[in-house]
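Student: Could you go through this structure with me? I have a few quick things to ask.

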Amino acid sequence: MKIQERIDSDLKEAMRATDASKVSVLRMLKSALSYAAIEKSRLEAELTDAEGVQVVRKQVKQRQDSIESFEKGGRAELAKKEKEELSILNAYLPQAMSPDELAKIVRETISEVGATSKAQMGAVMKALQAKVAGRVDGKTLSAEVQKQLQ
């Protein structure tokens with residue numbers, strides 16, 4: 001099932017169950033997916049699953065940033081709400097790679113590209129982006145590449 005179909009289905013279930021917070025998050029996510037489709041100049045067309053995952057990942061990143069800001073500002077109730085939204089959004093992301101799995105694929109890609117220094121990090125990252133396909137966020141991926149290219 002495509003990610004947009006899954007979101008639509010889960011939204012209907014949440015509406016039937018009168019789960020207001022889940023309905024709110026899923027409507028927001030559906031809206032974000034629509035905006036992404038409009039940006040690509042194809043309102044009627046659906047996004048690919050990879051593009052859909054990127055939209056979800058962007059929403060997750062926004063929630064993580066909000067949680068951090070609210071906690072620094074002493075707004076625990078708002079941070080709690082954002083954490084609930086984050087847990088709902090995480091269900092739509094592909095299963096994350098384990099640290100060992102990530103280290104292995106980074107090591108293999110570095111040898112494939114022939115990188116020997118941090119100056120070649122861009123080439124390694126470009127090759128890795130296609131391989132990990134949204135299973136690792138960019139920050140974690142970048143940190144692992146830097147660690148191995150020392």
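Student: Where does the lining of the largest pocket come from?

Tutor: Keeping in mind that this is a predicted model, helix 3 and helix 7 (138-148) each supply at least two residues of that lining, and helix 3 gives the largest share, with 8 residues.

Student: And what is the volume of the largest pocket?

Tutor: The largest pocket has a volume of about 310 Å³. Its lining has 13 residues, and those closest to the centre are Arg-57, Val-60, Lys-61, Gln-64 and Asp-137.

Student: How many of the lining residues are nonpolar, polar or charged?

Tutor: The lining of the largest pocket divides into 7 charged, 4 polar and 2 nonpolar residues.

Student: New topic: Arg-63. Is that one buried or exposed?

Tutor: Arg-63, which is found in helix 3, counts as buried because its relative accessibility is 8%, and buried means under 20%.

Student: Which side chains does the side chain of Arg-63 make polar contacts with?

Tutor: The side chain of Arg-63 makes a polar contact of 2.6 Å with the side chain of Glu-85, and another, of 3.4 Å, with the side chain of Glu-82. Leaving aside neighbours within four places in sequence, Arg-63 is also in contact with Met-28, Leu-86 and Leu-89, among others.

Student: OK, and which residues are buried in helix 4?

Tutor: In helix 4 (residues 76-90), the buried residues are Ala-79, Glu-82, Glu-85, Leu-86, Ile-88 and Leu-89, and what covers them includes helix 2 (20-39) and helix 3 (49-72).

Student: How far does helix 4 reach?

Tutor: With 15 residues, helix 4 reaches 21 Å from its first C-alpha to its last, close to the 21 Å expected at 1.5 Å a residue.

Technical notes:
Residues are numbered from 1 along each chain as its sequence is written. This is a predicted model: local features need pLDDT of at least 70, side-chain atom pairs count only at pLDDT 80 or more; totals for chains, interfaces and linings use all residues. Side-chain values use heavy atoms; hydrogens and water are left out. Helices (H or I, at least four residues) and strands (E, at least two) are DSSP runs, numbered from the N terminus. The expected span of a helix is 1.5 Å times one less than its number of residues. Buried means under 20% relative accessible area, exposed over 50%, partly exposed in between (1.4 Å probe, protein chains only). Contact means heavy atoms within 4.5 Å. On a 1 Å grid over the protein atoms alone, a cavity is a set of points where a 1.4 Å probe fits but cannot get out, and a pocket is an open set with protein on both sides within 12 Å along at least five of seven lines; lining residues have an atom within 4 Å of a point. Grid points are joined across faces, edges and corners, and a volume is the space filled by probe spheres set on the points. Ala, Val, Leu, Ile, Met, Phe, Trp, Tyr, Cys and Pro count as nonpolar, Asp, Glu, Lys and Arg as charged, and the others, Gly among them, as polar. A polar contact is a pair of N or O atoms within 3.5 Å; within protein, one must be able to donate a hydrogen and the other to accept it, and residues adjacent in sequence count only if both atoms are side-chain atoms.
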